[in-house]
Amino acid sequence: MRAAKIRWAIVAVTSVALAATGCSSSKSSGGSSSGGVVRAWWGDPQNPLEPANTNEVNGATVMNNIFAGLVQYDPKTSAASNANADSITSSDQQNWTVKLKPGWKFSDGTTVTAKSYVDAWNYGALSTNKQIDASFFAYVQGYNDVAPATGSPTAQTMSGLKVVDDNTFTVALTQKFSTWPQTLGYNAYYPLPAAFFSDHAGYLNKPIGNGPYMVQSYTRSQQMQLVPNPDYSGANKPKNGGITLTVYTDPNAAYSDLQSGALDVDNTLSTTALKTLAGGASGGRFLNTPAGIIQTISFPLYQANWNTENAKLVRQGISMAIDRPTITKTIFTNTRTPATDWTSPVLGDSGGYKAGLCGDLCTYNPTKAKQLIQQGGGIPGGQLTISYNADGGHKDWVDATCNSINQALGNNNACVGNPIGTFADFRNQVTSQKMTGAFRTGWQMDYPLIQDFMQPVYTVGGSSNDSHYNNPAFDSQVNTANAEPDQAKSVADFQTAEKMLVTDVPAIPLWYQNGTVAWSNHVNNVTLDPFSIPVYWQITTS
Amino acid sequence: MGRYVLRRLLQMIPVFIGTTFLIFVMVHALGDPVNALFGDRAPDPAVAAQIRAQYNLNDPLWQQYLLYMGRLFKWDFGTTFSGQTVTSQLAAAYPTTLKLTAVAFTIEVVVGIGLGLLSGLRRGRIADNSVLILTLVVISIPTFVTGYVLQYLVGVKWGILPATVGFDVTFQSLILPGIVLASVSLAYVARLTRTTVAENSRADYVRTAVAKGLPRRRVVINHLLRNSLIPVVTFLGTDLGALMGGALVTERIFNIHGVGYTLYQGIVRQSSNTVVGFVTILVIVFLAANLLVDLLYAVLDPRIRYA
């Protein structure tokens, strides 16, 4: 009898639960991709959604879809072509005239004019607006007045920007920069509508752009719905009914949704998922393709013992002691490609990528490595440390790299990894020149140009010259390349500069990072652009 | 009673200040968060200085804390680096976590006490032993294993329930994470109930009640269970707080944008406003749950009086 009572209780509880389940099942049917909407993975953007305040992939995903800049990059070849610009011309490679295609509109119906660009750029550069990408305007004359290194701005606008008429403006740069027009596809250079300045908070809740898509709804940190923008005048007309970007807490959660059919496009795949997908579980709905990202190990050339002629040999030796093919295969399941130059394959041969430029330096040769390091008097300080941020999943490859170096040198203590708690702390130590040994560095291109892989990273004062490489010959070669109006000659000049890195080795190229994406059988035509962001407007639904 | 409650409320003030200050110090010990905003690029000095000024990062720590607390009393929790107000984060995360907690807590109470009662009443028999083995298994398997396995089997392979919760939080989608979240505590509740029920079932008052000829059901529920619940309620009270804050693993696995996950994001991005704001609310939840537990004792056992 007792048992009967308890059994009754359990039955009652279960049926209540089932009834409740039954009730709510009707409203949770947001499952299918009806109406041609693509459901895509997204991560929470790091900064507010303003064009010049976006420097990471999640914010860029939105920016690139709701904005169209002066130029755009071909998703396959990376070649720049005019989008909103009709022409960008200069006779001296320093003073530029930008003419817009007339009649382009923002999604709120207002017209895109020269003023939209000039106002946006002045806003992005002014230091009190706290825009992360402000330094992208450093080439424009007057930047130092709106963003002085110390103190308050002495001007609100840059003297180098002038509106000529509704569809024309001029830009005066501080130096010759022949490939400058091709940099203008970067999100910092997008135009802004008047609404941005009149109702800033409202704008952040629902950004307005001039691109193929417009924001229909946005719940911060959770979901954004994009629908095709009827006012868009460009060539990248969406082939689907819109995109729902959903923020995921974890790559595995997204992959589970992809498997159960609740997600269509997943471009953040965990190592476990990658192993399954590479094993053929994807049914061909998986892509693993190079992105404009190179990973390197940099040396603190500001430390006296790393800045000698002998240390140069040691740096060369360390590079030769790293078995790149084995590490990329075992640690990264082939989602990295061993590097043989300091750029990225996405540039293409005409854009400046040159396979094998690095030569012997990037080829695994333990004997030569040991010989060079001994010739250079051994590793400065007796032991090589490779510092990395512990919160970014770098431990495995750093340990493998050290292991490779140790084996080449026949010494188990020649190299050790040095984890630093957070990315912020790690970058603090790097930018305040506190490194004493080697440290990991990575460079994701802002625009597909060899200039972007050389100037910011290896010239004096470059925004990402973490090793503080200082070679006047390199700098003057970069200047020569920038002043060269002919594209092919300019690229060749940059490669001449790049060849200096082979002997100087301020940083060792490790591997190019790939972008990966898997998709459901609801969608077709999924590709990744050179920035490893899916080309959403091309995706079709079935 | 009223005086007791008042005293307990007053005690909360130093606890509250102490915990928030500790959290504040710990988040700041992680270092300057501004560099991380600029990625692999050295921060533009002008812009970095402006951002540091906006978040008072140049002031000494105690001053930052006082400024923060001053704003807190005006219900201003500050903003994150992504420009979101912490109050809007709280408003988005807490309802979700409350729903999850409610589902998990219900499962925990109903199934936990039910199983405990079942096995306590039938000590040494098959039912008892199976409950003991079952709870041992649940306790010894880490939550993320249960989480991923259940998600894969129920959500992906069989497709019975949604694999993740996502943006539209429905009751249906919360069942799976609710079970995972409840599982470990449920095992403890079952074992705790079993022990006290088994102990009390031999007590004099139970024998008296049975001898009086009371129906079995009244004996078990009004006499035996009521007395046995005091330690269980203590556990449930502290667990309610733990469920709200500790749902991190479950929330990540099932894509729930709740307290645990938002807190985790705050720590990763070193957004002290987010972390301190969420912990502040969590501290209040903990303190309130504890007070509630203490007051419930008197309901369960009228001999307990508060002065």
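Let's start with polar contacts between chain B and chain A. There are 27 residue pairs in polar contact, counting pairs with both residues at pLDDT 80 or more. That cut-off applies since this is a predicted model.

Stay at this interface. How many salt bridges does the rule find across it? It finds 3 between chain B and chain A. Here is a salt bridge to look at: A:Asp250 with B:Arg252. Their side chains meet at 2.8 Å, N to O.

Now the extent of the interface. On the chain B side, 53 residues are in contact with chain A. On the chain A side, the figure is 57 residues. Interface size is often quoted as the accessible area lost when the parts come together. For chain B and chain A, the buried area is about 5,000 Å². Carbon and sulfur atoms account for 52% of it.

Next, inside chain A. Contact between them takes in 14 residues of domain 1 of chain A and 16 of domain 2 of chain A.

What about salt bridges between these two domains of chain A? The count is 0. Polar contacts do occur there: 5 residue pairs, both residues at pLDDT 80 or more. Look at the side of domain 1 of chain A that touches domain 2 of chain A. By class, it has 5 nonpolar, 8 polar and 1 charged residues. The two domains of chain A bury about 1,300 Å² between them. Carbon and sulfur atoms give 53% of that.

Last topic: the nonpolar cores. In soluble globular proteins, nonpolar side chains tend to be buried together. The largest nonpolar core here has 150 residues. Those with the most contacts inside it are A:Leu70, A:Trp121, A:Phe169 and A:Leu384. This core draws at least three residues from each of domain 1 and domain 2 of chain A.

Take A:Phe169 from that list. Leaving aside neighbours within four places in sequence, its contacts include A:Leu70 and A:Trp121. Also among them are A:Trp96, A:Val98, A:Leu100 and A:Tyr117. A:Thr97 and A:Lys162 are in contact with A:Phe169 too.

Terms used
Residues are numbered from 1 along each chain as its sequence is written. Chains are lettered from A and ligands numbered from 1 in the order in which they are written. This is a predicted model: local features need pLDDT of at least 70, side-chain atom pairs count only at pLDDT 80 or more; totals for chains, interfaces and linings use all residues. Side-chain values use heavy atoms; hydrogens and water are left out. Contact means heavy atoms within 4.5 Å. Buried area is the accessible area (1.4 Å probe) that two parts lose on being put together, summed over both. A salt bridge is a side-chain nitrogen of Lys or Arg within 4 Å of a carboxyl oxygen of Asp or Glu. A polar contact is a pair of N or O atoms within 3.5 Å; within protein, one must be able to donate a hydrogen and the other to accept it, and residues adjacent in sequence count only if both atoms are side-chain atoms. Ala, Val, Leu, Ile, Met, Phe, Trp, Tyr, Cys and Pro count as nonpolar, Asp, Glu, Lys and Arg as charged, and the others, Gly among them, as polar. A nonpolar core is a set of buried Ala, Val, Leu, Ile, Met, Phe, Trp, Tyr and Cys residues joined through side-chain atoms within 4.5 Å. Buried means under 20% relative accessible area, exposed over 50%, partly exposed in between (1.4 Å probe, protein chains only). Domain bounds come from an automatic or database domain assignment.
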